[in-house]
Number of protein chains: 2
Amino acid sequence: MTTSSKISTFIPPVRTLMGPGPSDVHPRVLNAMARSTIGHLDPQFVALMDEMKILLQYAFKTKNELTIPVSAPGSAGMETAFVNLIEPGDTVVVCQNGVFGGRMKENVERCGATPIMVEDEWGMPVDPNKLEETLKAHPEATTVAFVHAETSTGAQSDAETLTRIAHEHGCLVIVDAVTSLGGTPIKLDEWGIDAIYSGTQKCLSCTPGLSPVSFSAAAVERIKGRKTKVQSWFLDLNLVMGYWGAGAKRAYHHTAPVNALYGLHESLVLLQEEGLENAWARHQKNHLALRAGFEAMGLSFIVPEAARLPQLNAVTIPDGVDEAAVRGRLLNDFNLEIGAGLGALAGKVWRIGLMGHASNAKNVMFCLGALDSVLTDMKAPIESGVAVAAAQGVYG
Amino acid sequence: MTTSSKISTFIPPVRTLMGPGPSDVHPRVLNAMARSTIGHLDPQFVALMDEMKILLQYAFKTKNELTIPVSAPGSAGMETAFVNLIEPGDTVVVCQNGVFGGRMKENVERCGATPIMVEDEWGMPVDPNKLEETLKAHPEATTVAFVHAETSTGAQSDAETLTRIAHEHGCLVIVDAVTSLGGTPIKLDEWGIDAIYSGTQKCLSCTPGLSPVSFSAAAVERIKGRKTKVQSWFLDLNLVMGYWGAGAKRAYHHTAPVNALYGLHESLVLLQEEGLENAWARHQKNHLALRAGFEAMGLSFIVPEAARLPQLNAVTIPDGVDEAAVRGRLLNDFNLEIGAGLGALAGKVWRIGLMGHASNAKNVMFCLGALDSVLTDMKAPIESGVAVAAAQGVYG
């Protein structure tokens, strides 16, 4: 490498993150990430791990002993659930109403199992009746998997009902809660969910890179009774449990991402300080304000009202507008990131996140004001100059 | 959760990390981790990814296009190499001279392949003659895997010779360089290594959590020509390449751990500023000073001199000393972490790391001084009061 090609320190711009995640990270979380690294077997770090478990149990509303952060992003949390609970030859019912149900199918296949798909339109919640019919037709199914909060569409499915139906048919349940944890109610024990995974970069106000997971006693029993070894050494919960298990004696498995865990710990302390129910209410309130602004502007939601996620708002694009150009101007002129459509919805919607620390009145008004000004400037067919006031009306 | 059980912000102690890793993190890396998060598809982040590739190519001394950080710790980097290059039914020769060769064997088995073990004593390098004999006896082998720098023993194997022998027998080579990258020479292209993985928390002065990897053209060809799908969705390089691939158009795979990547980028900028060869020389010099101190004290190395890693020093424990009590006093009285023995060497050695930013004269003298004082206080059979001066002699 010649001197002229030397690469320098990377100084990122300061964005407002209102896409599908990562979302704005709380400054206290960023500060926590920069604290001095200690060893992953240090007694002080072991104390942090114990606290982490309690904080995650609080966030998931569970007493599950096996409640930990996987040392990798949400996709690895998904894979942790599948590779530990599924064995070759199993039949798994996968509900798909967006991108992430498709990824679940991929996981099932790579476990050597057979996925049976329950398909719903993108933007709609999973239909419990279809699940029930499918389970009647497939008594051999061992597991049902569905996405609680579809990040690709902003649709929320009824996790409680889907879990009840799955249990009535003798199945364990795997739930994707990447976008729901901290933003919208999850009551893990009350609903009886067996395996759940989330991400840190959505409603927890934390940086991306870790995946909180929780497994019920029934799930742990299945894992311990497997006929075959878990195909992933890194994600094998039989081994991971030895490191995250109770007591001071921990078996080394892998080196934990220490500073990332400082960040998650701090984000969970913040959640505890605010109170889980208060966080859910805050997400709902800011969603209503954003919705008032969008509707005043003339944009509409693709998800029926009863199934809308407050933290992920998928709205239609005004006729004739170059949606990528709008996102580009928001990013370049306002340092504001909103999300594009994904998969079947690419080019058809914007996805506006109000997740975690990013779910606040300042962001709502900023986003509406910036979008209003860009669309007005581009002569889009919208009602100009009324969105922010409409949102203000909700805050009253 | 009641008010009385509230958990507060975690403030870690400031340790000196001289175990087998994590090692001391450079303050510039910690600062980088705390910078504002941007989206994983942000054009500025894409620019960071391009720089990251160049910086990692520099560190590995390679022109390999597929040179990226896996979004998870070193164990996941190991698994990335195995699940992508190995298919069910393959025969893989695994050289074992410590803990991590055993983990390779686990990986091979979980890929549905057959491991053929080449065993050497813990503390010794891998014997090239044994590898050659094994390959003659197993012409069906497709792959050879070995650990370049065994973190459990401090032994370095001759990666160039082992790779040459493997190639002569038509095998691709997988190399564990978790503890070597940045601390001791790796010449990936010159030696012809096909797949290599490392960790960020050893000689790169970075926090734990990511795994730099690099794959040769021959390795990529094998991955693209697989008969079966990679069993891990998260680690499937066919998909990961779409995100890390060349050009501005990136396919979303998983959400990258943005802030952890800021940290790795900064650690690689530091490496580039120092110069790779200078970093190797620094590790060697500090090792010689530490060695002089240990030998003056009467402690001996378990690895023959020619195979000693400068960054990981495994030394014998004086007779009659409670080794765990010594480590406890170093941690509690001096905030100094050194490592215990692992696996077959548990209770028999201490492992003292001089890795990355932690490899400096201050740490060498501090460690020798603290160990001298604790052992002297515990009336251990050592030569007291001479270790630091012996090290100073090396610095001259």
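How many bridges join strand β11 (residues 312–316) of chain B to β13(B), and in which sense do the two run? I counted five bridges, and the strands run antiparallel.

**Ground rules**

I noted that this is a predicted model, in which local features need pLDDT of at least 70, side-chain atom pairs count only at pLDDT 80 or more, and totals for chains, interfaces and linings use all residues. Residues are numbered from 1 along each chain as its sequence is written, while chains are lettered from A and ligands numbered from 1 in the order in which they are written.

**Entry: β13 of chain B**

I took helices (H or I, at least four residues) and strands (E, at least two) as DSSP runs, numbered from the N terminus. Two strands pair if DSSP finds at least two bridges between them. On one pairing, L312(B) has G353(B) of β13(B) as its bridge partner. I then looked at strand β12 (residues 336–340) of chain B, which pairs with β13(B) over two bridges, also in the antiparallel sense. There A340(B) stands opposite W350(B).

For burial I counted other C-beta atoms, placed from the backbone, within 10 Å of a residue's own: 20 or more is buried, 12 or fewer is exposed, and in between is partly exposed. Strand β13 (residues 349–353) of chain B is mostly covered, with five of its five residues buried. V349(B), R351(B) and G353(B) point one way from the strand, and W350(B) and I352(B) point the other way.

**Entry: chain A against chain B**

I superposed the copies by least squares on the C-alpha atoms of residues with pLDDT of at least 70 in both. Chain A can be laid on chain B with an RMSD of 0.0 Å by a turn of 180° and a shift of 0.0 Å along the axis. The two copies are therefore related as by a two-fold rotation axis. The same surface serves both copies, since 100% of the contact residues of chain A recur in chain B.

I used contact for two residues whose C-beta atoms, placed from the backbone, lie within 7 Å. On that basis 67 residues of chain A are in contact with 67 residues of chain B. On the chain A side, the elements giving two or more residues are α1, α2, α3, α4 (99–110) and α10 (258–274). The largest share, eight residues, comes from α10(A). By class I found 30 nonpolar, 25 polar and 12 charged residues on that side. Here Ala, Val, Leu, Ile, Met, Phe, Trp, Tyr, Cys and Pro count as nonpolar, Asp, Glu, Lys and Arg as charged, and the others, Gly among them, as polar.

**Entry: helix α3 of chain A**

Helix α3 (residues 74–85) of chain A has 12 residues and reaches 17 Å from its first C-alpha to its last, close to the 16 Å expected. The expected span is 1.5 Å times one less than the number of residues. I found 12 of its 12 residues buried, among them G74(A), M78(A), E79(A) and L85(A).

**Entry: domains of chain A**

Chain A is divided into domain 1 (27–272) and domain 2 (276–395), with bounds that come from an automatic or database domain assignment. Their centres, taken over C-alpha atoms, are separated by 29 Å. I found 23 residues of domain 1 in contact with 22 residues of domain 2. On the domain 1 side, α2 (43–60) and β7 (155–156) each supply at least two residues. That side has 11 nonpolar, 11 polar and one charged residues.

**Entry: P125 of chain A**

P125(A) lies in the loop between β4 (114–119) and α5 (128–137) of chain A. Is P125(A) buried or exposed? P125(A) is buried, with 26 other C-beta atoms within 10 Å. Leaving aside neighbours within four places in sequence, I listed its contacts, including N97(A), Q156(A), D158(A) and A307(A). The C-alpha atoms of P125(A) and P115(A), 10 residues apart along the chain, are separated by 19 Å.

Most residues other than glycine have a negative phi, and most peptide bonds are trans. I logged the peptide bond from G21(A) to P22(A) as cis, with omega near 5°. P22(A) is found in the loop between β1 (16–18) and α1 (27–33) of chain A. In chain B, a cis peptide bond joins G21(B) and P22(B), with omega about 5°.

K61(A) has a positive phi near 55° and sits in the loop between α2 and β2 (66–70) of chain A. K61(A) is partly exposed, with 15 other C-beta atoms within 10 Å. S205(B) has a positive phi of about 65° and lies in the loop between β9 (195–197) and β10 (211–215) of chain B. S205(B) is buried, with 28 other C-beta atoms within 10 Å.
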